[in-house]
Amino acid sequence: MRNPFVDFAFKATLLLLVAFCIHILVLHAFSLPLFDNNVILSYSINYVLIIAVFGFLYLMRNKYKSQLGFLFLAGSLLKFAVFFIVFYPIFKEDGQMSKLEFASFFVPYGMGLFLETLSLSKWLNKLE
């Protein structure tokens with residue numbers, strides 16, 4: 001049987017790499033600055049958080065099986081806290097948050113959330 005954490009890490013790496021490439025291509029297609037708005041930092045931090053949260057859930061799967069949903073929500077809260085601590089002050093330096101700044105954080109966040117939710121639901125259905 002394959003390890004769900006290793007499978008997830010591979011999928012997360014592939015998904016965020018593809019999303020990053022598409023993100024950069026869209027910026028290039030519209031002649032926008034490619035690496036402004038901390039896009040690399042955002043993808044990197046979201047990747048680390050996605051792997052960390054899923055890894056934590058994987059480690060806690062036996063001890064806290066019935067609370068994994070709440071732990072998942074706590075992981076999402078952690079990601080939002082990182083956004084407000086790390087990115088929000090940077091994005092609000094000029095007094096407003098542009099659509100490009102918003103996208104630089106929430107595209108990788110949304111992709112990761114989608115993958116986490118899908119993977120966790122499949123994984124939990126197999127645990128029963």
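**Helix 1 and helix 2: how they pack**

The axes of helix 1 (residues 4-29) and helix 2 (residues 39-59) come within 10 Å and cross at roughly 165 degrees. That makes helix 1 roughly antiparallel to helix 2 (angles over 145 degrees count as such). This is a predicted model, in which local features need pLDDT of at least 70, side-chain atom pairs count only at pLDDT 80 or more, and totals for chains, interfaces and linings use all residues. Residues are numbered from 1 along each chain as its sequence is written, and side-chain values use heavy atoms, with hydrogens and water left out.

Terms
- Helices are DSSP runs (H or I) of at least four residues, numbered from the N terminus.
- Axes are lines fitted to C-alpha atoms, for helices over the stretch in contact, and angles run from 0 to 180 degrees between N-to-C directions.

The helix pair
- Helix 1 passes helix 2 in a right-handed crossing (the near helix is turned clockwise from the far one by less than a right angle).
- Residues of helix 1 including Phe5, Phe8, Leu16 and His23 meet residues of helix 2, among them Val39, Tyr43, Ile50 and Phe54 (contact means heavy atoms within 4.5 Å).

Histidine 23
- Histidine 23, in helix 1, is buried, with a relative accessible area of 11% (buried means under 20%, with a 1.4 Å probe and protein chains only).
- Not counting residues up to four places away in sequence, histidine 23 touches Val39, Tyr43, Ala103, Ser104 and Val107.

Asparagine 46
- Asparagine 46 belongs to helix 2 and counts as buried at 0% relative accessibility.
- Beyond its neighbours within four places in sequence, asparagine 46 is in contact with Phe105, Pro108 and Tyr109.

Notes. Helix = DSSP H or I, 4+ residues; strand = E, 2+ residues; numbered from the N terminus. Parallel < 35°, antiparallel > 145°, perpendicular 65-115°, else oblique. Buried < 20%, exposed > 50% of the residue type's maximum accessible area, 1.4 Å probe, protein only.
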